[in-house]
Each structure stands twice: as C-alpha cells, then as structure tokens.
Amino acid sequence: MKYCITACFVFVTALSSFAQQKFTLNGYVKDSLTGETLIGANIAVTGQSTGITTNQYGFFSVTLPGGEHHLIFSYIGYQPQETVVDFNDNKTVNILLVPLSAVLNNVTVLAKKRENNVKTAQMGKVELSIATVKALPTFLGESDILKSLQLLPGVRNAGEGNAGFYVRGGGADQNLILLDDAVVYNTGHLFGFFSVFNSDAIKSLSLIKGGMPAQYGGRLSSVIDIAMKDGNVNKPEIDAGIGLIASRFSIQGPIKKNKASYILSARRTYIDALTAPALASGNYKGSGYYFYDVNAKINYQFSNNDRLYLSGYFGRDKFAFNNQERSFKTSIPWGNATGTLRWNHIFSKKLFANTTLVYNDYNFKFNGAQNDFAFNLSSGIHDLNGKIDFDYYASPTHKVKFGALYTYHTFIPSVFSGSQDSTKFTPNSAQEKYANEYAFYIQDDWDISKAIRLDYGLRYSLFQQVGSYKSYTTDANGNKTDSTIYSKGQTVKTYGGLEPRFTVRVSINDNSSIKAGITRNLQYIHLVSNAGTTLPTDIWVPSTLLVKPQIGWQYAAGYFRNFNNNMFETSLELYYKTMQNQIEYKEGYTPNTLTDPEQSFVFGKGWSYGAELFINKVKGRFTGWVGYTLSWSWRKFPDLNQGLKYPSHYDRRHDLSVVGMYTISAKWKVSSVFIFGTGNAISLPERFYFIGGVLTQQYSGINQYRMKPYNRLDLSATYTPTPKKPRKRTTNWVFSIYNVYSRLNPYFYYFSQEGSASNGTLNVSAKQVSLFPIIPSVTWNLHF
C-alpha cells in the first residue's frame, strides 16, 4: 500500500509539473509564392487577449502552457491560416500564407490585423502597402512612396510636386528615413520632385509620427522605416515599366531554391534624351538633366538559425547647363550610396538577434567654368555604422527589445576650390568635422491585462565631436585671435542624455480604446537651410562646441474606434511638441565658403500643437481614407524677427486629404486624390522707397503673409487585360491625370516694376509663379 501511495504521489506530481510546464513555438511567417518574410504578421491565440507580431525579419516566438492551442496567423492581403498546435515540446515551424486575389490586395491600405487600430499601444503609426502606393494617381507616371505618405494626417508636403515632407510642425531634417537600416540623407530626385525610392524594390514601409519606440533615435519628429524586397526564393520574376519620363526594370529569383535569393532593380529618366534634339545645336548644346538609381540585394540562409543579407542603394542626379555664347558651363551631380550587411541569428527559441554594418555616403558637387576660370564646390556626409538588436519573447504578455549602436560621422562642409589659367587656389578655412555617436536602449511591450497595454522604453545616447579639429577664439568683430588644436580622435565636445519613451492603451470595449504617450528625443546632427538662395546650400552639420543638440518632447493622446465589424477605422489624436536648440541662418546671411557656416548660425526654440482626424475604410470594393489636420507651428529666435515669435515655414493651419480607390471589375480599377491646404507662410516686402535713385524694399516680419490656399484633384485608372488562357506574362496600363482642373497653385511670388519713377508712372505689382497645370500621363507595366 505504501508503495502504491508513493507511486500515485509521484505520478500526480509529475502530471502537475507537466501541466504547469510551458513550451515555445517559433519560426517565420512567409509569402507562399515568393518566400518573402512578412513583417508585422499577426499570431493570435484563441481564448487569449494577447497576440504576437513578427519582427522586421518575419520571425515570431510564442510560449504557452503544455496542451493544444488554436493559433491564427494573419496578414493583410493574405488568406488567414488557422492551425491547432500541440505544445508538448519546443517546436520550429515556418508558416506560409497564401496571397488573396489581386481584387483584394491591390486596393488595401495598412497592414496587420484590422483590430490593431484599437488593440496596440503604438500611436501615430501607419503602415502603407506598396500595392496602395501603386494604385494612387501618379505625377508624371512615377509612383512615389513619400508623396503617398503626404496624404496622411500630420504629414505635409514641402511644396508643389515636391517629395519632401514635414511631420507635426518639425523640420525636414527631423525625419529619420531608413532603407534596410541605412540612413538616407537626401531623399529627392529632380531637386526634390521625386523620391529616391523605387517602389518595385520595396517590400514594406511604415511611418511613426508619435510614440517613437526606443530602438529609434537621432531625430525629433518621425521615423520612416523602409524594407527592400529579399528576392523570390522559389522562381525568377521580372518587372518592368515605361512611363512618361522614366523607365524601370527589376529582376529577382533564387540563387539556391529556398536558401538564397537576389533582387536587382534599376530606374532611369530620359529627360535628357527627350530634350537633346532641341539642344543639339545653338548656345545650349550639352545642357540636360537625368537621374538614375539602382537597388540590389542578396540573402543566404546557411543554417536553420542563421541568415545573411547584403543590400545596397546607389543613386545619382546630374544637371548640366552650357551657354556657348558666354563660354559658360556648369555641372551639378549629387546623390546617395548605401550598403548594408546584416546577420540574423537565433540564439534560442525566445531570443533573436540581428547584427548590422552600414556604410552611408551623400555627396553634392557644383562645378562651373567660364573661359579660363573654373571653380568647384562640394559638400557631403559619410557614415560608418555598426549595431546589434535583440528580440526576446519572454512570454505572450512581454516582448523585450534591446540593443546598442555606434556611428562614426564625417561631415564635409562647403569646400571651395578654383583655378585661373595655371593658378590654383584652395582656401583652407573649411574643416571636415568628425563625430562618434553611441546609443543603448531597452524596450518592453507589456500586456498588463486585457484592458491595459504598456509600451515603455529607455534610450541613452552619447555624441562626441572629435579631432582632427582646430577651434578659434574670435573678437567682437569676428577676427581670429587664438586657436586650439585637437589631434585625431581627441574629444572636442560631448553631449548625451536619457530618452524615455512611454505609450499606454486602455481599452473601453472590443471596438474602442484611448491611448496616450510621452517621448523625449535628442538630435545631434542638423540640416541647415538658407531660404534666401536658389542654390542647394543646405548642409548637414554636427553638434559642436557652438552647436547644441536639438531636444524634443512630444505629448500625445487619442481616441481610436472601429465601426461596422472593423470595416471603418477611425482615430482622433491630439499632440503638443516642444523643440529646443533650433538652428537658422542669421538675418542677411549670404553663402560664404571661406568661413565656417557655424559662425552664421542663430539659435532659438520651436513648438507645435494640433489635432489629427483619420477615417479609413479598409474593406470592400471601395476603400480609401479621409485625413484632416488642424495645427500650429511656431518659432522664436532672439536674433530673428526682433525676438518675436513667428509661424514656421512648415506651419499649415488646415490640411485635408481625401483618397478613394474603387475596383470596378477584374480589368478596371480607379482611384482619386483631393488635397486642400492653407497656403505656405512667407515674408513679403511691405514698403518700397528710393535710396540714391535705387528702388529698395522693406520686408515684413518673418512669415507674416500667406500664399493662396493649395488645392488639387488627381485621377487614375488602371487597366489589366485578362487573357482567355492563363499566361506567365501579365501587363497593365496606368492612366493618370495630375491637377485635373488645372489649378494654378502658387510656387513663389515676385514683384515686377513697370514704368518710370522719373515721370511718375512707376508701378510695382506682385506676380505669381506656378509650376504645374493639368498633366496627363500613361505608364505601361509588365510582369512575368
């Protein structure tokens, strides 16, 4: 009897122990046709309020008590997969999701499970599908991911046709733009009218404009995280397109099936070829403009736990202008080059790591010559970066992310050189500047209960300006009186600080929630713009002895609600943001390559606040969204505008975007975009008077006037022929009309003089310059 009782006790104890034991299921979620990993796919556990999402490499890990559990894997545009898993041991499995028909996935916006609008704690995050980007009307036939982001609330454009953007009252340099973890410093082709991102090479993109997680840093306003395609591991694919001003070509396929793949994508304009006949003879022979870019990527899985990625981007613009009559010629090349090497390693069922090495290079050059005189102007920034990131799936209620990074910056100021006959001159006043940037972070996404979720993190960043460097002491007139020399690697100045990140979600019910967030960001590098010149004098500068890092605090709160079985997603977000140590050029500044630009900087503060309304229809044949922003953005500099506050250049009181996409049939899809916005803030002359017989202007305070309101309607139709018999080759035609009613939106104003002051007939009047009337375009796309 004693042995029986003992045996029963041991059995019950073992059974109890087994019942309490937990096991882990991990793996990747992939596209079943191409093998591409799916970023942000959702894994739901039936009967539990929590869920898991895949990381940026498609990896997931879920730990549950022993026994059978019902799992649902889902991703927008794909057929959900339901499976029952017996958690009796640790397991690894790859989930292959099947894409839905093109009728559904080509007109759907945003990613992840439709409940994420109300279930996640993340605020101000939008993930825009590439299919949606391609479905929208285009400018001159070119799909543009950055222009698509401008249609979202809180994001405003930089001007007519421009791919630049400003987020929640911040500057253009306050947006962190990443391509496969490489920072992209210059995002525009054709002086900013097109972005540098070829949508054929892009897998996903996300915008975070509030509640920035701790793994991101170095900017105050937003993050644009763009991932390139990995390449089809199952079969070769070719995509090509011919547009109004550019053509593109992409090829991808397996190097070793299910193990290694590649993608190569290229794009080039032929504006130079179109204008060449008109410029073949005469004074302007040899003038022209073109841009091109190339994306390339290979990846190789050399074990179940290890995968290597090597990706790169190279893009160039080149503008040339020749005047034979005046013996003048100029060439302006500029562009980016990036290279990224990444190694994924799975240490355990719960721990995923990614190690990254990045090379960045941005260069701008201006070369000119007239007769025997020649000059050159160049500037740029180069980075070498290394970082490591860990994802630790502690439990279904805790996902921890932590890591560290280091960047070595080289800043090249506006370096001027020239020659006259055999005489060469190279002023030595311009100095290259060097800096080390470090960061360490930890982030925890914690489901406290079914109703409350907390995403909180802490980032510590450190920035060191280092030698070789020579600093000067100057007198009241700016004359150099003494100098200090710093050797290579010697610390010149150090800045640093903690950056807390905190967002919380409180669910009201299954269809609605309230969210709030507080974030602090430090920005150590700055893009300083001189709006008074027509030349590209914007330069990247580091924090130095004189230039302090920008500091930003953002406070946000919002109400999120889904309607009609998640057919409609809505949100209303309020924000307030403060920005310290903002930089502008002093009044009356003119570019001078013989002095350090720092000597012409002035410093102040900024703040912005507003409300954003977003209504998004995500199901059905008709989809689209309405985004409206009411906002204010202010600046105050002791040395500008008599020390009074003034509206920032990015201030826009009202901003409205209405986007609609409709599937008529398998052959036809149509889309439209309507935009309305308050006119840009500008400074204008208020008085004209003569000094010594010369007409002189007296300007208003900074940005005290407004241009006319901006509005525009764009339309698009996509025709996809449907052959009677299935073919490997498919084509479609995209017809777009930009600015349908040919609204002449102001680009800038100038004042013209007519008549003469001597006889009393002088008349000074304001004139408006507009760029683009109605512009139709057509693009032919091919896939096989």
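In the predicted model, a network of salt bridges links E36, D180, D181, K203, D230, K297, R342, K387 and D389. K203 lies in strand β16 (residues 202-208), whereas D230 occupies the loop between β17 (222-228) and β18 (237-242), so that the pair, 27 residues apart, links distant parts of the chain. D230 counts as buried because its relative accessibility, 7%, falls under the 20% limit.

The whole structure contains 27 salt bridges. One of these joins E142 to R267, with the closest N and O atoms 3.2 Å apart. Here too distant parts of the chain are linked: E142 belongs to the loop between α4 (130-135) and α5 (145-149), and R267 to strand β20 (residues 260-269), at a separation of 125 residues. Both E142 and R267 are buried.

A further salt bridge connects R706 and D651, whose closest N and O atoms are 2.2 Å apart. R706 is located in strand β46 (residues 705-706) and D651 in the loop between β40 (646-647) and β41 (654-663), 55 residues apart. The relative accessible area of R706 is 31%, which means that R706 is partly exposed; D651, at 1%, is buried.

The largest nonpolar core comprises 70 residues, of which I145, L149, L179, F194, F197, I226 and W625 touch the most other members. Leaving aside residues up to four places away in sequence, L179 touches V184, F197, I202, I226, M228, N295, Y313 and T340. A second, separate core of 26 residues includes L25, V45, F59 and L64.

Terms used: Residues numbered from 1 in each chain as written. Predicted model: local features only at pLDDT ≥ 70, side-chain atom pairs only at ≥ 80, totals over all residues. Heavy atoms only, no water. Core = buried A, V, L, I, M, F, W, Y, C linked by side-chain atoms within 4.5 Å. Buried < 20%, exposed > 50% of the residue type's maximum accessible area, 1.4 Å probe, protein only. Contact = heavy atoms within 4.5 Å. Salt bridge = Lys/Arg side-chain N within 4 Å of Asp/Glu carboxyl O. Helix = DSSP H or I, 4+ residues; strand = E, 2+ residues; numbered from the N terminus.
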